[in-house]
Amino acid sequence: MFGPTKIYFIVFGLLTIAGGLMGYFKAGSTASLIAGSISGLLLLVAAFLLPSHVIVGLAIGGVVALLLAAQFLPAFFRT
């Protein structure tokens, strides 16, 4: 039932970690590395919580997704 959501959270989490690593290696940004790693790990935790703790997994994934959107959408619309 939550298979696509779980896959989405896993892919989103891995891409978020990769983005943090890219920010660190390209710009030397330790903040990018830390924020990307924490956000990505929380998304992966949310994915693996889905089968047994649906509400907690969806809440964690939703909150992280909203926080990332709030961080990056304003910059996206400015460019």
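Analyst: A helix is a DSSP run of H or I with at least four residues, and helices are numbered from the N terminus. This is a predicted model, in which local features need pLDDT of at least 70 and side-chain atom pairs count only at pLDDT 80 or more, while totals for chains, interfaces and linings use all residues. Residues are numbered from 1 along each chain as its sequence is written, and side-chain values use heavy atoms, with hydrogens and water left out.

User: Which residue follows α1, and near what value is its phi?

Analyst: Helix α1 has 25 residues and reaches 36 Å from its first C-alpha to its last, close to the expected 36 Å, a span defined as 1.5 Å times one less than the number of residues. The residue that follows α1 is G28, whose phi is positive, near 70 degrees.

User: Is T16 buried or exposed?

Analyst: T16 is found in helix α1, which covers residues 3-27. Leaving aside residues up to four places away in sequence, T16 touches G36, S39, G40, L43 and L68, where contact means heavy atoms within 4.5 Å. Its relative accessible area is 12%, and since buried means under 20%, exposed over 50% and partly exposed in between (1.4 Å probe, protein chains only), T16 is buried.

User: Against which helices do the buried residues of α1 pack?

Analyst: The buried residues of α1 are F9, G13, T16, G20 and G23. These buried residues pack against α2 and α3 (54-78).

User: Which residues does L33 touch, not counting residues up to four places away in sequence?

Analyst: L33 lies in helix α2, residues 30-49, and counts as partly exposed because its relative accessibility is 23%. The C-alpha atoms of L33 and A18, 15 residues apart along the chain, are separated by 8.9 Å. Not counting residues up to four places away in sequence, L33 touches G20, L21 and Y24.

User: How many degrees lie between the planes of the aromatic pair formed by Y8 and F12?

Analyst: A search of the whole structure finds four aromatic pairs, a pair being rings of Phe, Tyr or Trp (its six-membered ring) with centres within 6.5 Å, called stacked under 30 degrees between planes, edge-to-face over 60 and otherwise tilted. Y8 and F12 form a tilted pair, 5.6 Å centre to centre, with an angle between the planes of 40 degrees.

User: Which residues do ring pairs link into a cluster?

Analyst: Y8 and F12 both lie in helix α1, four residues apart, about one turn of the helix. Y8 counts as partly exposed at 46% relative accessibility, and F12 is partly exposed at 22%. The cluster linked by ring pairs consists of Y8, F9 and F12.

Conventions. Helices (H or I, at least four residues) and strands (E, at least two) are DSSP runs, numbered from the N terminus.
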